[in-house]
Amino acid sequence: MKTLQHDTEFENARLFYHYVMVMKEGKMIGGGLIEAYNEFAIQIGNKLYERENASFIEAPAPQASI
């Protein structure tokens, strides 16, 4: 699992349909595919998450078995 921080990492996750888990204060608050992003927020599905208030972690989709 990798924490996304830079625009190039968000763009790669968006282009290659990587599942992104959204964490805030150690708790998962959302997840899915990146729809759009800018310097202030990331849109995952229909929700916006502020970049400075959350962590974005590239991870296997929850239904995937390893």
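## Arg51 and its surroundings

A polar atom of the Arg51 side chain lies 3.2 Å from the backbone oxygen of Gln5. A polar contact here is a pair of N or O atoms within 3.5 Å; within protein, one must be able to donate a hydrogen and the other to accept it, and residues adjacent in sequence count only if both atoms are side-chain atoms. Arg51 is part of the loop between strand 6 and strand 7 (55–58). With a relative accessible area of 17%, Arg51 is buried (under 20% relative accessible area; over 50% is exposed, and in between is partly exposed, with a 1.4 Å probe and protein chains only).

Leaving aside residues up to four places away in sequence, the residues that Arg51 touches include His6, Phe10, Phe40 and Phe56. Contact means heavy atoms within 4.5 Å.

## Basis of the model

This is a predicted model, in which local features need pLDDT of at least 70 and side-chain atom pairs count only at pLDDT 80 or more, while totals for chains, interfaces and linings use all residues. Residues are numbered from 1 along each chain as its sequence is written, and side-chain values use heavy atoms, with hydrogens and water left out.

An open sheet is formed by 3 strands in the order 4-5-6, with antiparallel pairing. Its edge strands, strand 4 (34–37) and strand 6 (47–50), each pair on one side only. From one strand to the next, the twist averages 25°. Helix 1 (residues 7–15) packs on the sheet and touches strand 4 and strand 5; the direction of helix 1 makes about 150° with that of strand 4. Axes are lines fitted to C-alpha atoms, for helices over the stretch in contact, and angles run from 0 to 180 degrees between N-to-C directions.

Strand 5 (residues 41–44) is joined to strand 6 by 4 bridges, and Gln43 stands opposite Leu48 in strand 6. Two strands pair if DSSP finds at least two bridges between them. Helices (H or I, at least four residues) and strands (E, at least two) are DSSP runs, numbered from the N terminus.

## The hairpin

Strand 2 (residues 20–24) and strand 3 (residues 27–32) run antiparallel and are joined by 5 bridges. They form a hairpin with 2 residues between them, and Glu25 in the turn has a positive phi of about 55°.

## Aromatic residues

Phe10, Tyr37 and Phe56 form one aromatic cluster. Rings of Phe, Tyr and Trp (its six-membered ring) pair if their centres lie within 6.5 Å; planes under 30 degrees apart count as stacked, over 60 as edge-to-face and the rest as tilted. Phe10 and Phe56 are both buried.
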